[in-house]
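Reader: Hi! Could you walk me through this one? I'd like to start with a pocket and then move to a sheet.

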Amino acid sequence: MTTFQELGLRAEVLLALEELGFTKPTPVQERAIPLLLTTENDVVVLAQTGTGKTAAFGLPLLEDIDPGQRHVQALVLAPTRELCVQIAGDLERFAAHLPGIRPVAVYGGANIREQVRAIQRGANVVVATPGRLLDLLGRNAVDLSGVRITVLDEADEMLNMGFQEDLSDILQSTPADKRTWLFSATMGGEVRHIAKRYMRATEEVQVGERNTAATAIQHRYAVVHARDRYTALKRFVDAEPDLFAIVFCRTKHETQELATALIKDGFAADAIHGDLSQAQRDHVMGRYRARSLQLLIATDVAARGIDVSDVTHVIHYDLPGEAESYTHRSGRTARAGRSGISLSIIGLREVNKVRQLERMLKTHFTYVPVPGGGDIGRAQVLAYMKRLKEVEVDREALGQILRTAREELAAFSQEELIERFMSVAFHRLLDQFRDLPDINVDMSRRDHTARVDRPSSRERFATGRQLFINLGSADGFDKGRMLGYVCGISGITGDMIGRMLIKDVYSFIDIEPDHFEQVFNAFKGANYKGRKIRVDEAQGAQGRGDRPRAPKRPAGKRPVGRAHGKYRR
Ligand code: AMP
């Protein structure tokens, strides 16, 4: 058994760990601490919340701080206020016997002047949310020129929350020869992009084994304003045609109200709650088990003991007050060896609760945006295609109708038939989902309550030029993927790209003026999945901050996308 002594930590730190009751290192600590203490390379560590990752970076970080020097020597970036406070507190406890080490947490939503004073009193470790740190940099209230170590904690979560641009700005303000340690629960494309772009020779530590028992439940959350909760629920259901869910509400009244609204909107839903008689309850449960209902709306009490083996989603329309209730609710999915999703639809204020649940349940919650029109349309079309492929054709019953149809359609090629069929079958669907507004709360701005005038991307590229491209969310692009894609094709770097507006079948991208032609030429004549990419310079948006307009289309050319191009792959 490895001990903390064997990992190479100094006596003062060992004493603090003993006082904290840390008797032996967790797997991530055992792997990461010796590496971080010795290597000059940058390091990526894949570890979940609850595995002891704070000590895994915190302990080697403290070994590198010179307590005699009262300037910022280490920077830790984390996605939320709660996490910053927790990390700074942990660092203080680990440094209990190291006088002169002064960690300070800075985050949005709190008095910025007090944070400035705390930094000026001689902080040598700053733990920050990206937005607030940029505000402080904009005020010249923090000097990062002496930073030797930067830690990106929960990097995937920071990127999920839209902090990509802020992270790029911050990383550029730190010395090039610092060491960067990136901690993440997952290693998706955006995390890889950040690692590739901002980290030097990297070593990777992956801790296969989690501290908690592996679970087949994926925990997710979406953040919307209270008025959009119902819309968000409907969109998640529409975007997942095979969804078979239990939706939890806190009160009987809300349960019934929600079921009534959903039924009115054409969903196969019904409620169970304490006011129903046993016979009524059996009736609803019978319909649910038989899958005549897709959505069972329930209170915690009424749902106790429900055992339906193929529930795909548990949806928390209201987060429960207790972690125990959350666990009970979530346990209605992922039964009998299947996997399942536990999705919470929450308001901005409840993000704290999600963090608390993460800590208490020692699990990771992934942020997911509410699906947009493109996602829903695509999901519905794919579900329809699946039915089409699997249907058993009853030729006898169709009889004469089939012969007539064959004669009527004989002149069309297969391709034309598919196009016509799609236009007729999905005309209404596409109209319905085409321009759904984005109802996600912009998480990247949540700690900007005391914003100062730092330049926005648009201002930075004041004479900026804006690229129109006929690729968007319907093609699977979000801001991160688009950034990677544009950089990959054109060879420019991410800092040449400013604000992006990703719509369903097209996007607008601010490009630093000197590099506009390079990007424009790189895309000319290019194809994406067999479709011709069209780029143009957007008109009327330059430097004025108004919304971009698509370039004028040459007369007679059909727009690519929508009912035709959108789903052609
Ligand atoms: P973290 O993943 O850093 O949020 O840590 C999860 C929890 O485990 C925190 O409450 C830590 O205080 C605790 N913890 C971390 N490392 C150890 C250890 N080696 N021994 C006991 N508890 C630990």
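This is a predicted model: local features need pLDDT of at least 70, side-chain atom pairs count only at pLDDT 80 or more; totals for chains, interfaces and linings use all residues.

Author: Happy to. Residues are numbered from 1 along each chain as its sequence is written, and side-chain values use heavy atoms, with hydrogens and water left out.

Reader: Great. How do the lining residues of the second largest pocket divide?

Author: Into 12 nonpolar, no polar and two charged.

Reader: And which element gives the most to that lining?

Author: H17, with six residues. (Helices are DSSP runs of H or I, at least four residues, and strands are runs of E, at least two, numbered from the N terminus.)

Reader: Switching to the sheet: in what order do the four strands come?

Author: The open sheet runs S16-S17-S15-S20, with antiparallel pairing; two strands pair if DSSP finds at least two bridges between them.

Reader: Why is one side of S16 and of S20 left without a neighbour?

Author: Strands S16 (497–502) and S20 (535–537) stand at the edges and have a single partner strand each, so one side of each has no neighbour in the sheet.

Reader: How many bridges link S15 and S17?

Author: Five, joining residues 465–469 of S15 to residues 507–511 of S17 in the antiparallel sense. Within that pair, Leu-467 is opposite Ile-509.

Methods
Ala, Val, Leu, Ile, Met, Phe, Trp, Tyr, Cys and Pro count as nonpolar, Asp, Glu, Lys and Arg as charged, and the others, Gly among them, as polar.
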